[in-house]
Amino acid sequence: MKSGFIAIVGRPNVGKSTLMNKLVKEKVAIVSDKAGTTRDQIRGIVNIQDNQYIFVDTPGIHKPKHLLGEHMTEVALETLNDVDLIMFMLDGSVEISTGDIFVSEHIKEANTPVIVIINKIDKLSDEEIEEKKLEIKEKLGDYENIITLTAEYAIGIHKIFEVAEPYLSNDIWFYPEDYYTDLPVNKIVVETIREKILHHTKDEIPHSVAVEIINVETKPNIRKYDVNIYVERDSQKGIIIGKDGALLKKIGIEARREIEALIDLKVNLKLWVKVKKKWRKNKQFLDEMGYKIKKK
Ligand SMILES: Nc1nc2c(ncn2[C@@H]2O[C@H](COP(=O)(O)OP(=O)(O)OP(=O)(O)O)[C@@H](O)[C@H]2O)c(=O)[nH]1
Ligand SMILES: [Mg+2]
């Protein structure tokens, strides 16, 4: 038996969580078109014959502007030294940016093997893929292993298992056979609600939202959740609630459906929107939300 930890890292929005979900064939991490969706390390587990692949999705590495951002980058950077293999993911459809170079510099500091993943090649011609490989060599360095794929449609992702297999370094499995993530159900519930908010809002709102379960009550035929949704400003509260409460209702319905399918039980969600001014800079509040910062 063998197992290994494989980190998925890169700048925000390149498709890390999308890839994670496709590898695991379950929804483990939330996904959105807004940069900065993932805020914590998330593990997804795939067992193939004697091999256990433990994929570690991470927040997009970026230059933080507040304590929440520091937490996110810290989580991602810590992961670099804790894994057997780093998958350094790039968005192939855009030019390599200073953000990618920033990530690459941190990866080089870690003493961990690296493979490069060029994602979103559904947007590229064969010629453009070859040009992208040259651009990588020029701007990021000479990486031996480069995998091209389309995470969104799970095209080309099987190559990852072949390339990663030699790096599985442990002789034991860390998780039972039927586990596909180590996330607690309540965390998945919180993230599902946050994802629905992200899908229906824009600009600063996706970044200004935190979700907390304040009470759970399970009866034989239904589970009830009381949930606080925190935003930073009164105007944001108004937008999330929507005209006559319409948007909050929509968010609630979409999240409820997904949670019911996950726990196989009828669900009642009570959502309350609260204003917590500048919470992303409030260390105590971040701690309470589970966004812990170690350095400070
Ligand atoms: N066209 C295309 N879009 C993709 C592909 N993979 C992911 N996306 C889109 O890219 C956006 C970002 O995807 P995520 O998986 O949330 O990206 P991420 O790297 O986890 O982002 P952060 O958590 O913010 O760091 C979403 O809108 C995805 O649907 C792909 O292969 N092709
Ligand atoms: Mg993500």
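**Figure 1. The lining of the largest cavity, by residue class.** The residues that line the largest cavity of this predicted model divide into six nonpolar, one polar and two charged. In this count Ala, Val, Leu, Ile, Met, Phe, Trp, Tyr, Cys and Pro are nonpolar, Asp, Glu, Lys and Arg are charged, and the others, Gly among them, are polar. The lining is made up of Lys-27, Val-28, Ala-29, Ile-30, Ile-42, Leu-183, Ile-188, Glu-191 and Thr-192. Helix H6 (residues 185-200) supplies the largest share, three residues; helices are DSSP runs of H or I with at least four residues, numbered from the N terminus. The cavity holds about 60 Å³ of space, and the structure has one cavity of 30 Å³ or more.

How is such a space found? Rolling a probe the size of a water molecule over the atoms shows where empty space is left. On a 1 Å grid over the protein atoms alone, a cavity is a set of points where a 1.4 Å probe fits but cannot get out, while a pocket is an open set with protein on both sides within 12 Å along at least five of seven lines; lining residues have an atom within 4 Å of a point. Points are joined across faces, edges and corners, and a volume is the space filled by probe spheres set on them.

Figure 2. H1 gives the largest share of the lining, five residues. By class, the lining has five nonpolar, twelve polar and eight charged residues. Ligand 1 sits here, meaning that more than half of its atoms lie within 2 Å of the pocket's grid points.

**Figure 3. A close look at ligand 1.** Around ligand 1 are 23 residues, the closest being Lys-16, Thr-18, Gly-36, Thr-37 and Glu-152; a residue is near if one of its heavy atoms lies within 4 Å. Helix H1 (residues 16-24) gives the most to this shell, with three residues. Oxygen atoms of ligand 1 lie 2.9 Å from a polar side-chain atom of Ser-17, 2.7 Å from a backbone N or O atom of Gly-36 and 3.1 Å from a side-chain N or O atom of Asn-119. Taken alone, ligand 1 exposes 660 Å², and the protein buries 90% of that (Shrake-Rupley method, 1.4 Å probe).

**Figure 4. The second largest pocket.** Its volume is about 290 Å³. Of the 16 lining residues, the closest to its centre are His-62, Lys-65, His-66, His-207 and Arg-280.

**Notes.** Residues are numbered from 1 along each chain as its sequence is written, chains are lettered from A and ligands numbered from 1 in the order in which they are written. Local features need pLDDT of at least 70 and side-chain atom pairs pLDDT 80 or more, while totals for chains, interfaces and linings use all residues, and side-chain values use heavy atoms, with hydrogens and water left out.

Note on methods: Polar contact = N/O pair within 3.5 Å; in protein donor to acceptor, adjacent residues only side chain to side chain. Helix = DSSP H or I, 4+ residues; strand = E, 2+ residues; numbered from the N terminus.
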